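Thanks for making the time this morning.

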Amino acid sequence: RFTSRPQFTNCPTMIVMVGLPARGKTYISKKLTRYLNWIGVPTQVFNLGQYRREVVQTYKNYEFFRPDNEEAMKIRRSCASNALKDIANYFTKEQGQVAVFDATNTTRERRGAIISFAKEKGYKVFFIESVCDDPEIIEANIMQVKLSSPDYENYDKEEALVDFLKRIDCYKMSYVPLDEEKDRHLSFIKIFNVGSRYLVNRVQDHIQSRIVYYLMNIHVTPRSIYLSRHGESELNLLGRIGGDTGLSSQGQKYAKALAEFIRGQSIKDLKVWTSHMKRTIQTAEALGVPYEQWKALNEIDAGVCEEMTYEEIQATHPEEFALRDQDKYRYRYPKGESYEDLVHRLEPVIMELERQENVLVICHQAVMRCLLAYFLDKSADDLPYLKCPLHTVLKLTPLAYGCKVESFYLNIQAVNTHRDRPTNVNVARKPEEALQTVPEHL
Amino acid sequence: MSTEQELTQTPLLKLWLPGMGRALGQRRGSSRPQFTNCPTMIVMVGLPARGKTYISKKLTRYLNWIGVPTQGECISCASNALKDIANYFTKEQGQVAVFDATNTTRERRGAIISFAKEKGYKVFFIESVCDDPEIIEANIMQVKLSSPDYENYDKEEALVDFLKRIDCYKMSYVPLDEEKDRHLSFIKIFNVGSRYLVNRVQDHIQSRIVYYLMNIHVTPRSIYLSRHGESELNLLGRIGGDTGLSSQGQKYAKALAEFIRGQSIKDLKVWTSHMKRTIQTAEALGVPYEQWKALNEIDAGVCEEMTYEEIQATHPEEFALRDQDKYRYRYPKGESYEDLVHRLEPVIMELERQENVLVICHQAVMRCLLAYFLDKSADDLPYLKCPLHTVLKLTPLAYGCKVESFYLNIQAVNTHRDRPTNVNVARKPEEALQTVPEHL
């Protein structure tokens with residue numbers, strides 16, 4: 001009778017993008033999908049352009065998109081219908097909860113067909129329309145993501161730009177934006193000029209409310225996010241997990257090296273965040289700049305296993321140790337937390353990271369894995385095994401639809417704290433098998 | 001280690017601070033995330049009876065609860081109000097001031113913007129637009145007729161008079177405009193939330209305010225708060241832990257089920273924590289329920305499962321610090337009430353979205369939730385009375401909340417420990433244990 005996590009919604013939701021080409025629909029679709037999956041809502045993007053490219057193997061030119069091109073219209077309608085079929089399949093057979101239909105959907109007719117489909121199947125519909133009339137933004141979008149599209153493989157840049165602008169014109173004629181009055185019974189958000197203004201109509205439930213909140217917090221201003229763990233700690237040296245100790249001498253060296261590195265990056269208006277734990281604060285102190293402490297950035301709580309070595313955990317809690325290897329993401333330490341709990345706790349940090357510009361987050365291994373998984377769209381299965389070694393800064397810079405990662409090892413020796421999944425995860429395994437992948441320590 | 005990197009942990013809040021004896025004002029680490037870096041004026045806009053005061057009071061209550069010092073001012077005299085707001089920011093460390101008035105002309109709003117610009121305050125407008133005569137009349141009946149202005153009127157006369165009052169404002173009312181006011185930061189709320197226009201959200205606190213406003217509603221409903229039934233550890237006077245219900249606790253679970261059935265609540269949602277005792281209580285109801293980890297009891301860290309006597313014996317200093325500032329005191333390796341509030345914020349947000357909900361939780365958690373609904377200060381919050389086997393029914397009413405208390409007549413221990421007279425670290429054990437309730 002119970003559900004172990006709060007229900008975000010009680011039926012599948014279709015998020016329907018609306019807008020002329022080069023208005024950021026795919027950018028929003030992918031980013032939103034990444035966010036929803038990270039917070040635990042199974043979500044998938046259905047991009048109509050991809051369906052079209054599968055049917056029409058080679059793109060010739062903008063004439064495909066002319067409203068009077070009957071043959072092309074047939075193909076496009078059939079693609080849309082296939083996408084809807086796949087969406088239904090995703091909901092019924094793959095336990096999806098949210099499907100993002102990434103297409104222009106610029107006519108009332110097309111939107112009406114989607115609404116009927118959803119009504120018949122019992123899905124909720126939420127529209128996200130991106131409206132932009134700033135030619136500079138549009139051209140920048142085209143340069144960033146359209147020119148590298150498979151459609152323009154054999155074009156040179158200027159020709160591609162000209163063709164794409166003509167493509168947009170094909171849609172403009174028949175574009176009917178969502179209307180405050182005529183569409184007052186629909187649930188939607190209209191985003192104007194990359195977020196300076198929003199119109200929000202009839203938010204139906206929790207997940208739509210969270211989606212609106214997220215959309216209103218993201219921005220496209222170029223910036224970088226730096227992720228680092230604290231410097232090596234006393235407990236790290238002893239191979240013990242958790243606790244709240246200070247930095248070892250190597251850790252202190254790292255703090256100084258980090259300060260130098262940050263200075264060298266010449267970052268504008270850098271914000272520095274730490275956890276409430278001594279080791280991250282000591283690391284930040286060496287930077288000599290103001291920093292904010294977030295309790296939410298504290299390391300995963302290992303409950304009864306706090307401050308133990310893996311050998312001790314195997315000796316005292318062999319069953320728990322095996323269960324953790326079986327499902328490291330969902331496993332919760334007795335009186336402690338799971339990675340899944342961590343993600344939930346970190347959600348406000350992610351939201352604030354989205355709002356901010358240049359930020360350096362000094363945190364912990366499990367926490368850094370969760371944050372990294374969000375930025376790099378890693379699955380729950382991969383997340384707990386992401387490599388986040390000590391004394392290494394990761395610089396994340398948004399690029400096109402994803403994130404560029406640069407890794408800087410600051411050349412200060414540190415222990416390895418990464419324990420891979422061992423081969424045998426069975427509860428009945430031998431101690432040596434359990435401890436097969438434990439990294440060396442004092 | 002260099003003295004700069006030496007850290008000491010503050011006894012009450014368990015915060016790591018650099019150096020020994022470095023003045024608090026000089027430290028670079030701020031112990032909580034900054035919501036905003038300068039004071040913010042929230043300026044209400046709208047004709048009378050559009051819910052401005054309702055929104056102001058509710059928003060003020062929410063912001064104070066999450067730790068943003070906020071003051072609401074129902075203004076009749078503008079120039080004094082602005083002086084009071086400036087005073088609140090400079091002398092009383094306020095962070096947000098809500099200016100609750102019609103502010104229906106561009107001229108008036110322009111004056112406020114100039115004032116704020118000169119002082120370095122941010123401005124965020126909240127406009128409530130409503131043209132549904134039924135809603136307006138309902139508002140007038142609910143909150144205006146009981147106003148001191150209408151003490152000597154009968155209901156019909158008051159309504160007529162108030163509608164004429166609105167007409168006086170209508171003539172000069174210029175709503176915020178998408179185009180003309182595109183450089184301002186604002187939210188326009190249409191028809192009690194069916195539509196919103198949001199323009200230029202500047203910072204974190206404005207973003208949180210917008211999110212909150214978009215989640216609240218005015219549909220009548222009730223929220224039921226209850227603790228789990230009496231637990232095994234309750235009987236032994238031990239705090240925390242994760243035990244099951246005692247036999248009295250099981251009786252309560254059945255009584256609660258009967259009580260809930262008797263209330264004939266439409267579409268009731270039931271929420272519990274992840275702890276055995278709330279789940280056992282919910283099981284007796286025989287209806288679906290949702291488990292929220294955020295509803296878990298306050299983590300008493302090293303003091304988990306101890307009696308107060310044991311805490312006094314093993315951690316007398318901690319015990320005294322807790323009595324000195326129960327709201328901010330953090331158990332070693334545990335939490336404070338302040339941490340709890342932060343953890344409960346998503347629960348409150350979802351409670352705002354929902355309609356009829358029964359929350360089965362724990363003493364400290366229930367105190368935090370109750371403080372939100374009843375606008376209790378951080379000083380009062382940790383001492384709110386939330387006895388076992390008692391259901392509190394909260395129903396929004398006018399600008400506040402009606403509370404009905406139902407003791408279900410199943411005997412239980414008392415778990416409420418009042419603040420003792422002597423909170424000094426040097427006090428004797430008897431003084432520390434003066435207010436400990438009886439247990440086995």
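This is a predicted model: local features need pLDDT of at least 70, side-chain atom pairs count only at pLDDT 80 or more; totals for chains, interfaces and linings use all residues.

Leu235(A) lies in helix H8 of chain A, where helices (H or I, at least four residues) and strands (E, at least two) are DSSP runs numbered from the N terminus. At 7% relative accessibility Leu235(A) counts as buried, and by that word I mean under 20% relative accessible area, with exposed being over 50% and partly exposed in between (1.4 Å probe, protein chains only). If we do not count residues up to four places away in sequence, Leu235(A) touches Arg240(A), Gly242(A), Gly243(A), Thr245(A) and Glu307(A), a contact being heavy atoms within 4.5 Å.

Residues are numbered from 1 along each chain as its sequence is written, chains are lettered from A and ligands numbered from 1 in the order in which they are written, and side-chain values use heavy atoms, with hydrogens and water left out.

Glu234(A) is also found in helix H8, residues 234-237 of chain A, but at 39% relative accessibility Glu234(A) counts as partly exposed. Leaving aside neighbours within four places in sequence, the contacts of Glu234(A) are Thr245(A), Gly246(A), Leu247(A) and Ser248(A).

Both residues belong to an annotated group: in an unreviewed UniProt entry, "binding site" covers Arg229(A), His230(A), Gly231(A), Glu232(A), Ser233(A), Glu234(A), Leu235(A), Asn236(A) and Arg279(A). UniProt positions are given here in the numbering used for this model, feature names are shortened, and annotations may be inferred rather than shown by experiment. These residues are spread over 51 residues of sequence, and yet they cluster in space, the largest C-alpha distance being 14.1 Å. Of these residues, Arg229(A), His230(A), Ser233(A), Leu235(A), Asn236(A) and Arg279(A) are included in the lining of the largest cavity. A cavity here is a set of points, on a 1 Å grid over the protein atoms alone, where a 1.4 Å probe fits but cannot get out, and lining residues have an atom within 4 Å of a point.

Arg279(A) takes us to helix H10(A), where it is among the buried residues. This helix, residues 278-285, is mostly covered, with eight of its eight residues buried. What do the buried residues of H10(A) pack against? Within chain A they pack against helix H9 (249-265) and strands E9 (271-274), E10 (291-293) and E11 (359-363), and from chain B they meet strands E1 (7-9) and E2 (16-18).

Turning to chain B, the unreviewed UniProt entry lists Arg227(B), His228(B), Gly229(B), Glu230(B), Ser231(B), Glu232(B), Leu233(B), Asn234(B) and Arg277(B) for "binding site". Among them, Arg227(B), His228(B), Ser231(B), Leu233(B), Asn234(B) and Arg277(B) are included in the lining of the second largest cavity.

His228(B) is found in the loop between E10 and helix H7 (232-235) of chain B, and at 2% relative accessibility His228(B) counts as buried. Its side chain makes a polar contact with the side chain of Arg277(B) at 3.3 Å; a polar contact is a pair of N or O atoms within 3.5 Å, where, within protein, one must be able to donate a hydrogen and the other to accept it, and residues adjacent in sequence count only if both atoms are side-chain atoms.

Glu230(B) has its place in the loop between E10 and H7 of chain B and, at 2% relative accessibility, counts as buried. The side chain of Glu230(B) makes a polar contact with the side chain of Ser246(B) at 2.6 Å.

Finally, the strands. Why is strand E14(B), residues 390-397, described as largely enclosed by the rest of the structure? Six of its eight residues are buried. E14(B) pairs with strand E10(B), residues 223-227, in the antiparallel sense over three bridges, where pairing requires that DSSP finds at least two bridges between the strands, and Ile223(B) stands opposite Leu394(B). E14(B) also runs antiparallel to strand E15(B), residues 400-407, with eight bridges joining them, and Leu392(B) has Ser405(B) as its bridge partner there. E14(B) and E15(B) form a hairpin with two residues between them, and Ala398(B) in the turn has a positive phi of about 50°.

How values were computed. On a 1 Å grid over the protein atoms alone, a cavity is a set of points where a 1.4 Å probe fits but cannot get out, and a pocket is an open set with protein on both sides within 12 Å along at least five of seven lines; lining residues have an atom within 4 Å of a point.
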